[in-house]
Amino acid sequence: MRREATDAEKRLWSILRNRDLDNWKFRRQVPIDEYIVDFCCIKARLIVELDGEQHLDQLRRYDEARTRRLENLSFRVMRFWNSEVMNGADAVVEVIARVLDIENDRSKVR
């Protein structure tokens, strides 16, 4: 079910949209299998999920199973806390960019 974006999702989307991150195309609220993921770069097979405090205990097992399923579908799943994005979006984007650089290097070898 699609929902209203959190402030953290809005902040990260403002950076990822329009190919603003090294020309990688991200989509928001993407249906994959039985899930809707927060952000996805299909070409890099990279999913970025943002989690709030409810994921500490209540949703932890669900998130772990969801991540395993998405990884079994050949996606890499990165998870960040909403507070990480709100307090240091640049650092979060730097980590994502590093993963994308690695993926870009791999695709050149293929």
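Biologist: Where is the place of Asp51?

Modeller: Asp51 lies in strand 3; strands (E, at least two residues) and helices (H or I, at least four) are DSSP runs numbered from the N terminus. This is a predicted model, in which local features need pLDDT of at least 70 and side-chain atom pairs count only at pLDDT 80 or more, while totals for chains, interfaces and linings use all residues. Residues are numbered from 1 along each chain as its sequence is written, and side-chain values use heavy atoms, with hydrogens and water left out.

Biologist: Is Asp51 buried or exposed?

Modeller: Buried means under 20% relative accessible area, exposed over 50%, and partly exposed in between (1.4 Å probe, protein chains only). Asp51 has 7% and is therefore buried. Leaving aside neighbours within four places in sequence, Asp51 is in contact (heavy atoms within 4.5 Å) with Asp63, Arg79, Phe80, Trp81 and Asn82.

Biologist: Which residues of helix 1 are buried?

Modeller: They are Ala8, Glu9, Leu12 and Leu16. These residues lie on the same side of helix 1, because they cover an arc of only 95 degrees around the axis, taken from the directions from the helix axis to the C-beta atoms.

Biologist: Which residues have the most contacts inside the largest nonpolar core?

Modeller: In soluble globular proteins, nonpolar side chains tend to be buried together. A nonpolar core is a set of buried Ala, Val, Leu, Ile, Met, Phe, Trp, Tyr and Cys residues joined through side-chain atoms within 4.5 Å. Here the largest has 22 residues, and those with the most contacts inside it are Leu12, Leu21, Phe26, Leu46, Val48, Ile96 and Leu100. Helix 3 gives the most to this core, with eight residues.
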